[in-house]
Amino acid sequence: MYLCSRKMSDNKNKTGSRSSKFVKDIGIYAIGNIGSKIITFLMVPMYTHYVDKSDFGYYDLCFTWCLLLMPFVTLQLRDGAFRFLLDCDNDTRRKRIVTFVSRTLISTTILSCLITAALALFTNIQYLGYALGMLLAMSFQEVYSQVFRGLRNNRAFVTVGILSALGIGLFSIFFVVGLGWGIKGIFLANILARVLALIIVEARVRLITRNTRWSISSREVAYDILRYTLPLLPGSLCWWLTGSSDRLFITHFLGLDVNGVYAVATRFTGIIYTLAVIYYQAWQETAILQYNSPDRDRFFSRMFSSYITLLGLILVGYVFLLKVNYGWMVAEQYHESLNYIYPLGLSAVIFAAAAFFDMGYQCAKDTKRTLPAIVLSAAINVVLNFLLIKPLGVYGVIVTQLVTYLVLFIYRWHDMRRYFVLKIGKLTAVPVAVMLVSALPFYHTQGIWLNMLYMILALACIIASCDKDVRELILSKFTKSSATTK
């Protein structure tokens, strides 16, 4: 009896310790992500007042193409560098990994410039040089930020994100508002801010410089890393078809003006993705380190329940606060985008829930198994976009996105059983139900106070449905702060 009680106590302490570390990691990533996204968030109203819908739609289209091409420029080293550096305890091997990353980025950069030069000779793509600059700046920032994470310097990772966003904001004000350069100013702001942020942080921490040795051979690690990352490349293409190709469909069938309006809605709902990314980044590190623990399934189940609750709180709280403030935040020509906010936010939540299961593939280094679900989702996305965009317009794209992410979630829920098994309590259905039902008052409730009243009631319902462990996990940081104050 005593031994059983002691074992239960040890397990509880172990779970509490891991949860505390996880909450601490969330705090670290929240500083970087929220700080940077608030600045980006504030840029949207400015862009809507100083950039035409068609120009903003064209920039959004270029940004979408950069998202497609970035995995091929980086060979998905953002994922490989983090995964292999995180559990690397050998200094020589660590240097081989960072050196391989640097060599590969330089090679793909040269190749990208040659291809762009060839395109410039035979085509007349507007702002091609600026788009290339943004693509390369995004690629270097993404990869080296993950190198910082893999080398256990989360502060450097966070700082790059904050400085980059701050730079985009300041440069945008200077170029777009001050000089009136419009879309060209947005491109320049993104390029300069990302490059300068990376240079400033590296000049201070010198992690890349210290761990890059051009004289040593990186062939030893190249095979392992590429075997991990190359299967992600076709997956990245499918991810792009699933999550970003909607801009191409809207531009082709509905025009750049409509894409500009849609782009504003996606910028706002991007905040939900950002908040989910904060959880994901902290969970990524925790899941990899705890994957082989004996109580893995119990711990993972607890984390998933807390995740669903957190997503419910984020969606309901955010969209209703956004709704009551939308009129003054966005220029009148973009007001139609408010109609797209709730379903896009819901699709972001479904995607975030599906991304939770991605950890199984990463923990087991079994990335090739990510392909079936992604290929299936991409195929569904393309077919439904073709079928629905003409009769339903933008809503056809939104319905497609909802269905696509739901299929992805269901597939991964079943496929993850080979890596871990989740046991979900019945009360987890409450935040899911609240998120679905909240669409009705979002579209049909008028007046600030009625919207705020519903939001408060919905949030209270979600919090009340939490079991004790999940509630303690969500509120633990606040409880700790309160106890310290006392």
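This is a short walk through a few contacts in the structure shown above.

Hi everyone. A word on the ground rules before we start. This is a predicted model, where local features need pLDDT of at least 70 and side-chain atom pairs count only at pLDDT 80 or more, while totals for chains, interfaces and linings use all residues. Residues are numbered from 1 along each chain as its sequence is written, and side-chain values use heavy atoms, with hydrogens and water left out.

Let's begin with salt bridges. By that I mean a side-chain nitrogen of Lys or Arg within 4 Å of a carboxyl oxygen of Asp or Glu. How many salt bridges does this rule give? The count comes to six. One of them pairs Arg-78 with Glu-142, and their closest N and O atoms are 2.8 Å apart. Arg-78 sits in helix H3 (residues 77-86) and Glu-142 in helix H5 (residues 128-150), so this pair ties together parts that are 64 residues apart in sequence. When I say helix, I mean a DSSP run of H or I with at least four residues, numbered from the N terminus. Asp-79 belongs to the picture too: Arg-78, Asp-79 and Glu-142 are linked in a network of salt bridges.

Arg-78 has 26% relative accessibility, so it counts as partly exposed. Glu-142, at 28%, is partly exposed as well.

Now please find Asp-224. Its side chain meets that of Arg-93 in a salt bridge, 3.6 Å from N to O. Here too distant parts of the chain are linked, with Asp-224 in helix H9 (residues 219-229) and Arg-93 in helix H4 (residues 91-122), 131 residues apart. Asp-224 also forms a salt bridge with Arg-227, with the closest N and O atoms 3.9 Å apart. As for accessibility, Asp-224 is partly exposed at 22%, Arg-93 is partly exposed at 23%, and Arg-227 is exposed at 53%.

Next, a pair of helices. Two packed helices are described by the angle between their axes and the distance between the axes. The axes here are lines fitted to C-alpha atoms over the stretch in contact, and angles run from 0 to 180 degrees between N-to-C directions. For helix H2 (residues 53-74) and helix H7 (residues 183-205), the axes come within 9 Å and cross at roughly 35°. Which residues of H2 and H7 meet? On the H2 side we have Asp-55, Phe-56, Tyr-58, Tyr-59, Cys-62 and Phe-63, and on the H7 side Ile-183, Ile-186, Phe-187, Asn-190 and Arg-194. By class, that contact has eight nonpolar, one polar and two charged residues. In this scheme Ala, Val, Leu, Ile, Met, Phe, Trp, Tyr, Cys and Pro are nonpolar, Asp, Glu, Lys and Arg are charged, and the others, Gly among them, are polar.

On to the cysteines. A search of the whole structure finds zero disulfides, a disulfide being a pair of cysteine sulfur atoms within 2.5 Å. For Cys-66, the nearest cysteine sulfur is that of Cys-62, 6.9 Å away. Cys-66 is buried, at 4% relative accessibility, whereas Cys-461 is partly exposed at 36%.

Thr-269 is in helix H12 (residues 256-290) and is buried at 2%. A polar atom of its side chain lies 3.3 Å from the backbone oxygen of Thr-266. Setting aside neighbours within four places in sequence, Thr-269 is in contact (heavy atoms within 4.5 Å) with Tyr-318, Ile-341, Leu-344 and Gly-345.

Ser-301, in helix H13 (residues 296-329), is buried too, at 7%. Not counting residues up to four places away, Ser-301 touches Val-421, Leu-422 and Lys-423.

Finally, Tyr-443 is found in helix H19 (residues 439-444). Is Tyr-443 buried or partly exposed? At a relative accessible area of 33%, Tyr-443 is partly exposed. Its side chain reaches the backbone oxygen of Asn-339 at 2.6 Å. Beyond four places in sequence, Tyr-443 touches Lys-323, Asn-339, Tyr-342 and Pro-343.

How values were computed
Helix = DSSP H or I, 4+ residues; strand = E, 2+ residues; numbered from the N terminus. Buried < 20%, exposed > 50% of the residue type's maximum accessible area, 1.4 Å probe, protein only. Polar contact = N/O pair within 3.5 Å; in protein donor to acceptor, adjacent residues only side chain to side chain.
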